[in-house]
Amino acid sequence: MKHTRYHAATALLALCAAPLPAQQLLAVRGATVHTATGAPISDATILVRDGRIAAVGRNVSVPAGALVIDATGKVIVPGFIDEHSHIGARPTDLNDRPMIIGPQHRIRDALDLEDPDWKDAVKGGVTSLTTGPGSGENVSGMAIVLKTFGSDLSKRILLEKGGMKFAMGPKRSDAYPATAMGVAANLRQYLIKTQEYVAAQKRWEDGGRQGAPPARDLGYDAMAEVLARKVRVRAHVHSATDVMTILRLKDEFGFDLTLHHSTEAYKVATEVAKRGVSAVVLPLGSRIGVTDDAMKGPFELWKAGVKIAMHTDHPVINQKWLRLSAGLAMRYGLPEDEALKAITINVAEIQGVADRVGSIAVGKDADFVVMNGPWYEPRTRVDLVVGDGAVIYDRSTEGK
Amino acid sequence: MRETSRFLATTVVTAVAIAFVASPLAAQERAIAIRGGTVVPMDGPAITNATVVMRGGKITAVGANVTIPAGATVVDARGKYVLPGLIDAMTSLGIGSGDLNEPADPVSPQLRVFEAFNPFGDFGSGTSGPLRLHELLGGGVTTMYIAPADAALIGGQGAVVKTAGDNLAAMSLRDPAAIDISLGEPPRKAASAKQRDPATRMAEVAMIRQALVRAQEYQRNKAQNPSLPRDLGQEALGKLLRREIPARIQANAPVDIRNALQLAEEFGFDLVIDGAANAKSQLAQLAARKVPVILGQVSHPYVSNEEIPDKSDYPAVDETLPATLTNAGVTTAIATFSRAFGSLAPSGSSKWLLLDAGIAAGYGMTEQQVLQAVTIIPARILGVQDRVGSLTVGKDADVIVLDGPPLSMKSWVERVYVGGELVHEKR
């Protein structure tokens, strides 16, 4: 076992760079570990093998040959996860305005992996996220769930079809629909047409594929997956009225749903809870000073039994400051462990990738963050970020 | 002798009677002592177990060994932190969304932002007075600079206001406080959309230069011939040229900061740079010429009022900027550049000024430096340091009491005094 001091070890790791060689072991010792699924473990060791968590706890024996990082006095949390970001896409690529319902659009086709924002995200401890199209249209397209690091997109992707973006309420005065009524009617009509499209396909299949197949439409193809519950709906929603409208549409068409922004969802918290719908909630870091009444929304929703997640809406606020959103929700009643869940395990569960990420648990990807103080304090720094078992950010070697 | 004491007794009775009738004033006349807290006065180091006394709307004593006047209302602040009210040195708060930018002319120095300042609430609701901007007060902000948004080149005259007052006039602290100017993408884009100038940075600088040359001519001609017709815009720019007020120039890209410095040098006006995201590119110049800067939020330095700002004016987020500037000797305040997001966020990010500034404490600033960057330093930049910004005897009794360390996410502003009056308590 190599006992190395924290800085020396991390500097060495940074030099080695990239993922650890196969079978190489990494042990991070001495920190208080918040796993996101249980009580904090003080003086714990996290053992990483082949990019995954091999063990976590107080009495973990470190095999010979492991590279040991001493994190005594530090705080370790799972890599933070954001369920609502627009990172990696240029603002001009987010909203395809001429197409008011465009489920065939995929954010993946606009994704720029060279965007410097990705590196900044890692510096803030954010290791995976959902990035998606904007909210300028009634349906703006397919999001993607991926890691924030690595040069190979195929290895970064956690979930290719990361959710279909709906936007409730009128968004534009210069184009139709210009009212909440118009948006609801538009969505309902499209969903019904999708049902008819699916039925026509089925008739053709059931009829022994006689004659020419029905013409394919990529929009209906994409929306059919929503109706088949293979892809969930991510609904941009602010007013309580619009929350109720999307809940009614869910009741009618049976799709899986997550509310996004959810500004007034707390006003209808029991309606949201009884349908098992999750909510991505405000605030957006410290940029938008939501009223004290609305700031209690995350707490009220959690109390009602709704699974909640915080977000950045990057670039509305910077990706790296996701943890500020959770810290601010804590101020308004959300318990500390629930606030941490709202940027880790809850998000992974909402995304449907909790088998891979979201907590520090044996078998999961080794994505975690070493910090020099409480994760929610503004002045606390991220010292080290481990992603897929490799050190992907090390403050001690920054600028060197 | 008997006559005198009867007279005295009468006046005392009268005074008491008046005190009961005119309560706001009387409340100020009665001393308030905030006792036993950690006092962070900003004009010196923090003092533990100290007392702040206010009377008549002013601070009358600060220290560990202060005699509390007889009859004073005593507030127990043991375990708490006592600070001067915070100052947000750049906002467009209290301005309706339709009033943020006057589109008539990109060069409009005659506009006064105070005439759009509406602390009464949305039309048909709100309050008649006393005026209390509770969302701001809850964040500890008692003074702010208000300005038009950044779509115009010369947007008008900014003002310094308090966030509580018995009426509109009582909230005004300095008006006009500066000529508000924007460089870079926001004015260029706004004008381009209307197919007019300034469509480029070249035009931005040329138009400001032309306006200032005209203003010089106007001042000269008016001095020689007082019967010349008045021009309100030229009068406002005259105040700038005579250095009665500074120019607040929003400049983020290196070229914009350079242009702001150049214009100030040419015309000899006092300059404050707003935003200054790329200030590291002109660090030596800013320090040598003693040009103060007002930075945006530490976590979100994009100071434009656009929801998604044009990032071409900005470098990557750099939380070390406040420390770098401060330690290089540049007078540096941290502000929020807030506007209201409708009734959802009437105080914009301003209510979280302190928490956001607290990030800088993890990036090279001391806690004292962070606190000064949201109190005494903005007071000096805004030219209101004789009234606010520190717990100094003789200054306005704008005092906040926090229930924990000022830069902690867990701490709350419990009490806010403006002019010695308790204007906000945490619910």
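Analyst: Domain bounds come from an automatic or database domain assignment. This is a predicted model, in which local features need pLDDT of at least 70 and side-chain atom pairs count only at pLDDT 80 or more, while totals for chains, interfaces and linings use all residues. Residues are numbered from 1 along each chain as its sequence is written, and chains are lettered from A and ligands numbered from 1 in the order in which they are written.

User: What distance separates the centres of domain 1 and domain 2 of chain B?

Analyst: The assignment for chain B gives domain 1 as 23-85 + 389-427 and domain 2 as 86-388. Taken over C-alpha atoms, the separation of their centres is 29 Å.

User: Which element gives the largest share of the side of domain 1 of chain B that touches domain 2 of chain B?

Analyst: The contact (C-beta atoms, placed from the backbone, within 7 Å) takes 21 residues from domain 1 of chain B and 28 residues from domain 2 of chain B. Strands (DSSP runs of E, at least two residues; helices are runs of H or I, at least four, and both are numbered from the N terminus) that give two or more residues to the domain 1 side are β5 (81-84), β17 (413-418) and β18 (421-425) of chain B. The largest share, three residues, comes from β17(B).

User: How are α6(B) and α7(B) oriented to each other?

Analyst: Helix α6 (residues 201-224) and helix α7 (residues 232-241) of chain B pack with their axes 9 Å apart, at an angle of about 90°. Such axes are lines fitted to C-alpha atoms, for helices over the stretch in contact, and angles run from 0 to 180 degrees between N-to-C directions. Since angles of 65 to 115 degrees count as roughly perpendicular (under 35 roughly parallel, over 145 roughly antiparallel, the rest oblique), α6(B) and α7(B) are therefore roughly perpendicular.

User: Which strands of chain B stand at the edges of the sheet?

Analyst: Eight strands of chain B form an open sheet with mixed pairing, in the order β6-β8-β9-β11-β12-β13-β14-β15, where two strands pair if DSSP finds at least two bridges between them. One side of each edge strand is left without a neighbour, because each has a single partner strand, and these strands are β6 (86-91) and β15 (332-334).

User: Which element of chain A gives the largest share of the side that touches chain B?

Analyst: The contact takes 29 residues from chain A and 28 residues from chain B. The elements of chain A that give two or more residues are α8 (292-295) and α10 (322-331). The largest share, four residues, comes from α10(A).

Definitions and conventions. Two residues are in contact if their C-beta atoms, placed from the backbone, lie within 7 Å.
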